[in-house]
Amino acid sequence: MPYAFADIEALEPLPPLALDAEETGLAVLVRRNGRPIGFWMEALTGGTRLTEQELAQQIAARTGTKLVREAIREELLVPTLPLPFPSLTVAVCTKDRPERLARCLRSILNVDVPEGAARPDVLVVDNAPSDGQTRGVVEEFPGVRYTLEPRPGLDFARNRALHEATGDIIAYLDDDVVVDRGWLRGLAEAWGEHPDAAAFTGLVLPFALETPAQILFEANGGFSRGFEKLRYHGQVQPGNPLYPTGAGIFGAGANMAFRRDVLEQLGGFDEALDTGAPLPGGGDLDIFYRVIRAGYPLVYEPAYLVFHEHRRDLDGLRRQYETWGRGFMAFLDKVEYNDAEQRDKVKAMRLWWFKHYTRQLAKSVVGKHILPPDMLLAELRGAAKGRSGEYDRSLRRTEEIRQRFEVELASAAEPAFEEGGHG
């Protein structure tokens with residue numbers, strides 16, 4: 001059930017589009033001068049053809065207002081000297097996925113480098129690997145650095161990257177993304193417009209829509225936060241009384257960047273979140289929230305674009321929704337424990353969340369929701385697990401991991417005793 005994927009530049013002659021016989025839909029990304037301005041999906045029958053005129057009508061109907069706004073924005077821009085872009089480390093944290101890592105690295109090394117910016121330092125963090133394949137992949141890419149983080153857990157790996165980074169900004173990418181050629185330009189643009197920002201997130205679109213699970217996930221919104229530039233700053237947001245506890249609005253951990261000094265000041269990522277199977281989520285929500293609570297701006301820039309390979313099978317997608325529920329509730333529990341000023345908001349957010357997803361489940365049962373009931377039940381089930389003390393349990397597990405590896409490192413550092421020696 002694959003969907004065809006068309007990447008259209010609106011200022012160039014539009015091509016006719018034709019679906020293959022086995023393709024059951026079309027996904028279209030529209031750009032203006034390379035900048036992404038709109039995306040849509042549409043179910044169609046195999047073999048459907050769109051003429052240039054029909055495609056133009058679709059683009060006008062779906063993205064016409066945004067196209068006009070972008071044209072006006074470009075006309076009104078006052079030429080200024082761009083701010084020098086800081087040095088950048090791009091960190092890819094990975095575990096036992098050599099093919100995806102290689103694809104990700106190729107895309108990073110092929111990005112367009114804007115004027116005034118240096119090529120980024122690229123660092124791969126190999127998290128508790130089962131073999132040497134990741135190191136072998138990195139050795140195929142000259143200039144890419146490799147480091148090992150033996151403690152299992154994504155946030156252990158993210159903090160290892162923070163320790164090893166050399167850039168003033170550190171950008172984190174999941175190993176299952178492919179960066180757009182304009183990715184670095186988008187980040188540099190966001191920096192130039194918001195030099196006071198401490199964190200940046202970007203647009204995440206599907207890499208492919210080849211399976212029912214991938215199509216379902218993207219049809220339900222995927223990771224996308226839209227095509228408008230957004231700036232979050234301060235402790236209140238008009239119209240959002242629960243801000244900033246709903247940290248999912250800020251972006252996705254698959255594509256995020258931070259000022260390194262601020263990340264260090266905040267103590268890095270919480271290693272009790274994103275721990276793998278017991279608690280596989282929440283670390284990105286937590287760091288976005290802490291940036292905002294520390295008084296720093298966080299900026300969302302759609303031109304800072306990556307393409308993510310969504311879960312290919314329905315079981316994997318179901319697990320993903322469960323981890324989202326579990327990670328979000330664990331994050332809220334942490335905030336409730338540690339941020340007394342926000343406790344009333346946390347309680348209200350938790351109540352709103354369960355009511356909202358219960359209503360979504362009811363809609364699904366009667367066929368009025370894009371997701372089937374089992375997907376919504378999975379997210380509710382995950383939230384119930386996250387609410388049942390998962391963060392406390394994860395704190396204890398994480399401390400046990402730290403102590404175990406400290407003992408192993410100490411043992412490895414001790415000199416071997418040779419029989420007949422003198423101390």
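Buried means under 20% relative accessible area, exposed means over 50%, and partly exposed lies in between, with a 1.4 Å probe and protein chains only. The model is predicted, so local features need pLDDT of at least 70 and side-chain atom pairs count only at pLDDT 80 or more, while totals for chains, interfaces and linings use all residues. Residues are numbered from 1 along each chain as its sequence is written, and side-chain values use heavy atoms, with hydrogens and water left out.

**View 1. T134 in helix α3.** T134 sits in helix α3, residues 133-139. Helices (H or I, at least four residues) and strands (E, at least two) are DSSP runs, numbered from the N terminus. T134 counts as buried because its relative accessibility is 1%. Apart from residues up to four places away in sequence, T134 touches T94, D96, L101, V124, D126 and Y146. Contact here means heavy atoms within 4.5 Å.

**View 2. The salt bridge between R145 and D121.** A salt bridge is a side-chain nitrogen of Lys or Arg within 4 Å of a carboxyl oxygen of Asp or Glu. The whole structure has 48 of them. In the one between R145 and D121, the closest N and O atoms are 2.7 Å apart. R145 belongs to strand β8 (residues 145-149) and D121 to strand β7 (residues 121-127), so the pair ties together parts that are 24 residues apart in sequence. R145 is partly exposed at 27% relative accessibility, whereas D121 is buried at 18%.

**View 3. The salt bridge between E149 and R160.** The closest N and O atoms of E149 and R160 are 3.1 Å apart. E149 is buried, with a relative accessible area of 1%. R160 is partly exposed, with a relative accessible area of 24%.

**View 4. The salt bridge between R312 and E210.** R312 and E210 form a salt bridge whose closest N and O atoms are 2.8 Å apart. R312 is in the loop between β14 (298-308) and α9 (314-338), and E210 is in the loop between β11 (199-206) and α6 (212-219), so the pair ties together parts that are 102 residues apart in sequence. R312 is partly exposed at 38% relative accessibility, and E210 is partly exposed with a relative accessible area of 41%.

**View 5. E379 in helix α11.** E379 lies in helix α11, residues 373-413. E379 is buried but has no salt bridge, and the nearest side chain of opposite charge, R225, is 10 Å away. For charge, Lys and Arg count as positive and Asp and Glu as negative, with His and the chain ends not counted. Leaving aside neighbours within four places in sequence, E379 is in contact with Y321, E322, W324, G325, W353 and Y357.

View 6. On a 1 Å grid over the protein atoms alone, a cavity is a set of points where a 1.4 Å probe fits but cannot get out; a pocket is an open set with protein on both sides within 12 Å along at least five of seven lines, and lining residues have an atom within 4 Å of a point. Grid points are joined across faces, edges and corners, and a volume is the space filled by probe spheres set on the points. The structure holds one cavity of 30 Å³ or more. The largest cavity has a volume of about 40 Å³, and its lining is A91, C93, L154, R158, Y172, L173, D174 and G253. Two or more of these residues come from each of β6 (88-94), α4 and β9 (169-174), and β9 gives the largest share, three residues. The lining has five nonpolar, one polar and two charged residues. Ala, Val, Leu, Ile, Met, Phe, Trp, Tyr, Cys and Pro count as nonpolar, Asp, Glu, Lys and Arg as charged, and the others, Gly among them, as polar.

**View 7. The second largest pocket.** This pocket has a volume of about 890 Å³. Its lining has 31 residues, of which R35, P82, R185, A188 and E189 lie nearest the centre. Helix α5 (183-193) is among the elements that supply at least two lining residues, and α5 gives the most, with seven. The lining divides into 13 nonpolar, seven polar and 11 charged residues.
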